[in-house]
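Please provide a briefing on the side-chain contacts and local architecture of the protein shown here.

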Amino acid sequence: MWIKSLFLYVLLLSGAVRGQSTGELLRSRLQQRDIPSLVYRFYKLTDMQACWLGKNQEALKLSADSLFKSTGGLGVDMQQPEWPSFDKLPVTASDSVETEIGYTKSLFMLMSALICGQREPVLSFKGVMTACTQDSLPDLLLTYYRSAQLQLMADSLATLYKPVVPLLQQLKILTGSTGTPGYREQAMNAVQADPLNKILVAKLRSWQLVDNDSTPSKQDMKKAIKILQHTFGLIADGVIRSSLKQEINVPLARRIAQLKSAIDANRWLYGRFAPDSVVVVNIPAATLTVSTAREEIIRMRIVAGNPSMPTPTLSSYIREVILYPYWTVPHSIAVNELLPKIKRDKSMLENFQLLDQQGRIVNPQTVNWHKLNATNFPYTLRQSTGCDNALGILKLNFDNPFSVYLHDTPAKGGFLLERRFLSHGCMRTEEPFALARLLLPGNEQAVDTLSTETCSIVPDKPLVLKAIKPLRLVVWYQLAGTDAEGNVIFCPDVYKTQNN
């Protein structure tokens, strides 16, 4: 039976059933409007020749088949296409052509996913609209096709961006563990760092932190626990507390999903912005980086919004550097937090200006403060320039509808905390001057003159400088990432975006 099927398959590929060659059918099909341009350009490079179903192409077909079975390990979620087999043969020559084109379309989908990402991260404001260029993909696919190295192509593209590499390595470890026969999740309740704590040992093995084939020593387990504590942003002292129990009991399937999300987000980012530098704020990590696809330039801590006033996700351009900024107090903060304090103590207004609805300065002594409340406050509070300003002595402006920005702060102690979610939504930066220098190449002295030691000569008005080199900014929410040494870390879900 299979010999008869194989004979029919060969006839179909040769066009004998229809009296027309596969090449002719392929050329005709490629002229139709629904064919993607990348597919058409690829076949134009091959002189419109079939690449997967022709004679002597069985090895290439099997290579493509194997590649698609391994896409999960590349951090890509793709349904395996309907590859032809002797069990499920094309019924007509036209079906053969559709299958041939389907191979190529699917490979371009995979290449695009590895270079550009599969989906855009959740961004509440999209101020940067940049496409991911894919013009070189037909030539690239042809090069690896001719050398019969499709797997090498996929592996090279998968590791194209440096931040993705450690995430992929961790993904391989966790998917390998969950794919082990007999694997099942077990909640750990005991807190003893002891080989007799079988569930703990199993969990450490699933992260490949202790050997699978021998009983770990207490010293080995303590070392592994310290690594896990660092991975979850906890004090790395080898002591199991409730915080580590909570993190270690998170199902590996969820950790895998977090890794895939971070991998895809980085591909989306660098696929659009490489080779340029981009500023990335990862909210749950409370960290800001400036990097290219291959190099990290700056890394600093930030203080992000507290859960009741979260920092919004967005993309934008940092276009302004403001020296000695005003702080225009958001209305909600003015009426809910400052107004009650002002009613109790008018000296609260010492460093603030009161503006009416036309922006004119009002003498606060002429205002009946006791008649004002949250629904009756027709004023704006603006904090004067100076080292005690809530924004410090430097502010970085970018377009967004949320009235948030990056800024300096006089409250430096917040950067010493591990959980840095204290602001009203803006992002306090640990090293704002370093960012400003990148925005003002050739005019760094404007930033270098800033100092908290010169507060006695602070100007009455802010000095606004247009960025000489505006930087793209992406503020996102990723629960997996890497630290400065390239180690994978998992962040707390401070805004409770996932079900526990």
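A salt bridge is a side-chain nitrogen of Lys or Arg within 4 Å of a carboxyl oxygen of Asp or Glu. By this rule the structure holds 17 salt bridges. The model is predicted: local features need pLDDT of at least 70, side-chain atom pairs count only at pLDDT 80 or more, and totals for chains, interfaces and linings use all residues. Residues are numbered from 1 along each chain as its sequence is written, and side-chain values use heavy atoms, with hydrogens and water left out.

Buried means under 20% relative accessible area, exposed over 50%, and partly exposed in between (1.4 Å probe, protein chains only). Helices (H or I, at least four residues) and strands (E, at least two) are DSSP runs, numbered from the N terminus.

**Salt bridges**

- Asp276 and Arg472 form a salt bridge in which the closest N and O atoms are 3.3 Å apart. Asp276 lies in the loop between α12 and β2 (278-282) and Arg472 in strand β14 (residues 463-476), so the pair ties together parts that are 196 residues apart in sequence. Asp276 is partly exposed at 41% relative accessibility, whereas Arg472 is buried at 16%.
- Asp194 forms a salt bridge with Lys218, with 3.4 Å between the closest N and O atoms. Because Asp194 lies in the loop between α8 and α9 and Lys218 in helix α10, this pair ties together parts that are 24 residues apart in sequence. Asp194 counts as buried at 18% relative accessibility, while Lys218 is exposed, with a relative accessible area of 52%.
- Arg299 and Glu296 meet through their side chains in a salt bridge of 2.9 Å, N to O. Arg299 is partly exposed at 25% relative accessibility, and Glu296 is partly exposed at 37%.
- A network of salt bridges links Arg29, Asp34 and Glu98.

- A disulfide is a pair of cysteine sulfur atoms within 2.5 Å. The whole structure contains 1 disulfide.
- Cys116 is joined to Cys132, with an S to S distance of 2.0 Å. The torsion about their S-S bond is about -70 degrees, so the disulfide is left-handed.
- Cys116 lies in helix α5 (residues 93-116) and Cys132 in the loop between β1 (125-126) and α6 (137-146), so the pair ties together parts that are 16 residues apart in sequence. Both Cys116 and Cys132 are buried.
- Cys426 is in no disulfide, and the nearest cysteine sulfur, that of Cys387, is 19 Å away. Cys426 is buried at 14% relative accessibility.

**Aromatic contacts**

- Rings of Phe, Tyr and Trp (its six-membered ring) pair if their centres lie within 6.5 Å; planes under 30 degrees apart count as stacked, over 60 as edge-to-face and the rest as tilted. The whole structure contains 13 aromatic pairs.
- Tyr161 and Tyr270 form a tilted pair, 5.9 Å centre to centre with 40 degrees between the planes. Tyr161 lies in the loop between α7 (150-158) and α8 (164-178) and Tyr270 in helix α12 (residues 252-273), so the pair ties together parts that are 109 residues apart in sequence. Tyr161 is buried at 5% relative accessibility, and Tyr270 is buried at 4%.
- Trp207 and Phe232 form an edge-to-face pair, 5.7 Å centre to centre with 90 degrees between the planes. Trp207 is buried at 6% relative accessible area, and Phe232 is buried at 1%.
- One aromatic cluster is formed by Phe42, Tyr43, Trp52, Tyr103, Phe108 and Tyr145.

**Charges over rings**

- A charge sits over a ring if NZ of Lys or CZ of Arg is within 6 Å of the ring centre and within 35 degrees of the ring normal.
- The charged end of Arg382 sits over the ring of Tyr326, 3.9 Å from its centre. Arg255 lies over the face of Phe490, at 4.9 Å from the ring centre.

**Helix α3**

- In α3 (residues 37-45), the residues Leu38, Val39, Phe42 and Tyr43 are buried. Seen down the axis of α3, these buried residues fall within an arc of 130 degrees, so they line one face of the helix; the arc is that of the directions from the helix axis to the C-beta atoms.
- Ser37 and Lys44 are exposed on the other side of α3.
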